[in-house]
Amino acid sequence: MSLDFGGLMVFNNPIGSAKADQLVQLLELQSEDSALDAGCGTGEFLLRVLAEHPAHGIGVDRDSQCIVAAREGAAAMGLSLRCEFRIADVNELATEPGEFDLGICIGSTLGGGESQ
């Protein structure tokens, strides 16, 4: 699967596109499930997940340009009703234990908290 975001670098991931597709196929998400993508960038991986599974998702990144591109990508794919993209520091995101069924953090140091 390849997403076109109007010339923006779409797949900005340390894993290849084929490997990402393999990972998405391994998931077993239902319509009541939700995913959090910490440091989502343009939201490309989360959008792949939601395109293949009926779950809901939230993508969080500090880069406002990436979030704009993610929202545009979601709209273009008809996924806006099942996903939300927020400009924020994921370490400051208020969540409840067990709120998400899937956590995604590929190639981002934003979701790791403080290092010791």
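Trainee: Which residue follows α3, and is its phi positive or negative?

Mentor: G78 follows α3, and its phi is positive, near 70 degrees. Before we go on, note that this is a predicted model, in which local features need pLDDT of at least 70 and side-chain atom pairs count only at pLDDT 80 or more, while totals for chains, interfaces and linings use all residues. Residues are numbered from 1 along each chain as its sequence is written, and side-chain values use heavy atoms, with hydrogens and water left out.

Trainee: How many helices and strands does the protein chain have, and in what pattern?

Mentor: Helices (H or I, at least four residues) and strands (E, at least two) are DSSP runs, numbered from the N terminus. Here there are three helices and four strands. Along the sequence the pattern reads α-β-α-β-α-β-β.

Trainee: What span should helix α3 have, and what does the model give?

Mentor: The expected span is 1.5 Å times one less than the number of residues. Helix α3 has 13 residues, 64-76, and should span 18 Å. Its end C-alpha atoms are 18 Å apart, which agrees.

Trainee: Which residues of α3 are buried?

Mentor: Take the cut-offs: buried means under 20% relative accessible area, exposed over 50%, and partly exposed in between (1.4 Å probe, protein chains only). In α3 the buried residues are C66, I67, A69, A70, G73 and A74. They cover an arc of only 160 degrees around the axis, so they sit on the same side of α3. That arc is taken from the directions from the helix axis to the C-beta atoms. On the other side, Q65, E72 and A76 are exposed.

Trainee: What do the buried residues of α3 pack against?

Mentor: Contact means heavy atoms within 4.5 Å. The buried residues of α3 pack against α2 (44-52), β2 (56-61) and β3 (83-87).

Trainee: Which side chain reaches a backbone nitrogen at the start of α3?

Mentor: A polar contact is a pair of N or O atoms within 3.5 Å. Within protein, one atom must be able to donate a hydrogen and the other to accept it, and residues adjacent in sequence count only if both atoms are side-chain atoms. At the start of α3, a side-chain oxygen of D63 comes within 2.8 Å of the backbone nitrogen of Q65. There is another case to look at, in the loop between β3 and β4, where D89 is placed. A polar atom of the D89 side chain lies 2.8 Å from the backbone nitrogen of N91. Leaving aside neighbours within four places in sequence, D89 is in contact with V60 and R62.

Trainee: How much of α2 is buried?

Mentor: Seven of the nine residues in α2 are buried, so the helix is mostly covered. They are E44, F45, L46, L47, R48, V49 and L50. Their cover includes α1, β1, β2, α3, β3 and β4. A51 is also in α2. At 37% relative accessibility, A51 counts as partly exposed. The C-alpha atoms of A51 and L79 are separated by 7.5 Å, with the two residues 28 apart along the chain.

Trainee: Which residues touch the most other members of the largest nonpolar core?

Mentor: In soluble globular proteins, nonpolar side chains tend to be buried together. A nonpolar core is a set of buried Ala, Val, Leu, Ile, Met, Phe, Trp, Tyr and Cys residues joined through side-chain atoms within 4.5 Å. The largest one here has 19 residues, and V49, C83 and F85 touch the most other members. At least two residues of this core come from each of α1 (17-26), α2, α3, β3 and β4 (102-104). The largest share, five residues, is from α2. Apart from this core lies another, of six residues, among them L36, A38, V60 and V90.

Trainee: What does C83 touch beyond its sequence neighbours?

Mentor: Not counting residues up to four places away in sequence, C83 touches L47, L50, G57 and A74.

Trainee: How many disulfides does the structure hold?

Mentor: A disulfide is a covalent bond between the sulfur atoms of two cysteines. The test is a pair of cysteine sulfur atoms within 2.5 Å. This structure holds zero disulfides. For C40, the closest cysteine sulfur is in C66, at 7.5 Å, too far for a bond. C40 is buried, with a relative accessible area of 9%.

Trainee: Is S34 buried or exposed, and which residues does S34 touch?

Mentor: S34 lies in strand β1, residues 34-38. S34 is buried, at 16% relative accessible area. Setting aside residues up to four places away in sequence, S34 touches H56, E99, F100, D101 and L102.

Trainee: What share of the whole chain is buried?

Mentor: Buried residues make up 41% of the 116 residues. Among contacts between residues at least 6 apart in sequence, 66% join residues at least 24 apart.
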